[in-house]
Amino acid sequence: MLSGTVIAAHGRHYVVQTNTAKLQCVTRGKKSDVAVGDIVNLKLTSANQGVIESVQERSTLLYRSDQYKSKILAANVTQLFIVVATEPSFSDDLVSRSLVAADAAGIRAHIILNKIDVTASLEKARERLGLYSGLGYPVHQVSAKGDPDGTCATLGPLLAGQSSILIGQSGMGKSSLINLLVPDADIATREISAALDTGKHTTTFTRLYRPSADTAIIDSPGFQEFGLYHLSEGMLERAFPEFAPHLGNCKFYNCHHLNEPACAVLSAVEHGRIASMRHDLYRQLVHEASQTLY
């Protein structure tokens, strides 16, 4: 029995990095609950292939879900970086949902504002991100193409010694950041693509890079939606940090913070201590969680 780290996943096909080799692996049966970042136990079936027998205990698990199924994004990550840009415009809904997912999973969340050399849209983007920085989420302003050295100087120390995943909508410059932070990313991606037999579809799978022995950077495909149907109401209220000072102060101990009388959270919204946009998201997520079929 060998152990290794899953560095890429495509369907039920995986690439696992052991101490000595990259192995093409599958799971037994139809199980596909293995994630990039997982440490797995496997058995060799040939010199470069194996079967994953089990997954070692995870420290964290980040995933999204819709009404019918869930999709694991990564395991054992310590940080989530949400990449947005001055142009094209980013989705506040996607940013907020990603932050909630990170908080619910116990993962530190950061926001990267890329393309700050596009000055026409810079102030508006900064203003929109002020809501999140005010909640305690660090916002790092960079320009991967306009100032690559400055970008590395800003992000390099934050990534060192951590296991980080970068997510974002298409067009935000995430690929440029990855190529900057991981100099041999293109070569590694081609190797992994060949192993997974994905050919030209290199953007459709999640992959893990190791710039150094103690640092992991996980790149995920761009997506436009981030469902959180798997989070319970209790998990949701604790994943909004601005709710924390008000929880336990409602008139009713089982308050849902939706339309109950003498609700401390609703009072905070009314007095501007909680942004109405954030409470609207909470209301939507509670509704979605009630629709779950799986």
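Is Ala289 buried, partly exposed or exposed? In this predicted model, Ala289 is partly exposed, because its relative accessible area is 23%, and a residue counts as buried only under 20%. Ala289 belongs to helix 8, which covers residues 276-289. Residues up to four places away in sequence aside, Ala289 is in contact with Tyr229 and Leu231. The C-alpha atom of Ala289 lies 6.4 Å from that of His230, although 59 residues separate the two along the chain.

Val100, Val84 and Ile165 are the residues with the most contacts inside the largest nonpolar core, which has 84 residues.

The packing of helix 3 and helix 4 was examined next. Two packed helices are described by the angle between their axes and by the distance between those axes. The axes of helix 3 (residues 148-159) and helix 4 (residues 174-181) come within 10 Å and cross at roughly 75°. Helix 3 and helix 4 are therefore roughly perpendicular to each other, since angles of 65 to 115 degrees are assigned to that class. Helix 3 contributes Pro148, Thr151, Cys152, Leu155 and Leu159 to the contact, and helix 4 contributes Leu177, Leu180 and Leu181. By class, 7 of the residues in this contact are nonpolar and 1 is polar, with no charged residues.

Asn41 is located in strand 4, residues 39-46. The side chain of Asn41 makes a polar contact of 2.9 Å with that of Ser54 and another, of 3.0 Å, with the side chain of Gln56. Beyond four places in sequence, Asn41 touches Met1, Leu2 and Ser3, together with Val51, Ile52, Glu53, Ser54 and Gln56.

His110 is part of strand 9. His110 is buried, because its relative accessible area is 5% and the limit for that class is 20%. The side chains of His110 and Gln79 are joined by a polar contact of 3.3 Å. Gln79 is also listed among the residues touched by His110, along with Leu80, Phe81, Ile82, Pro138 and His140, when residues up to four places away in sequence are not counted.

Most residues other than glycine have a negative phi, and most peptide bonds are trans. The peptide bond between Glu87 and Pro88 is cis, with omega at about -5°. Pro88 is found in the loop that runs between strand 8 (79-85) and helix 1 (92-105).

Lys115 sits in the loop between strand 9 (108-114) and helix 2 (122-134), whereas His257 sits in the loop between helix 6 (233-238) and helix 7 (264-270). Lys115 is partly exposed, with a relative accessible area of 24%. His257, by contrast, is buried, with a relative accessible area of 2%.

Conventions
Residues numbered from 1 in each chain as written. Predicted model: local features only at pLDDT ≥ 70, side-chain atom pairs only at ≥ 80, totals over all residues. Heavy atoms only, no water. Helix = DSSP H or I, 4+ residues; strand = E, 2+ residues; numbered from the N terminus. Buried < 20%, exposed > 50% of the residue type's maximum accessible area, 1.4 Å probe, protein only. Core = buried A, V, L, I, M, F, W, Y, C linked by side-chain atoms within 4.5 Å. Axes fitted to C-alpha atoms, helices over the stretch in contact; angles between N-to-C directions. Parallel < 35°, antiparallel > 145°, perpendicular 65-115°, else oblique. Contact = heavy atoms within 4.5 Å. Nonpolar A, V, L, I, M, F, W, Y, C, P; charged D, E, K, R; others polar. Polar contact = N/O pair within 3.5 Å; in protein donor to acceptor, adjacent residues only side chain to side chain.
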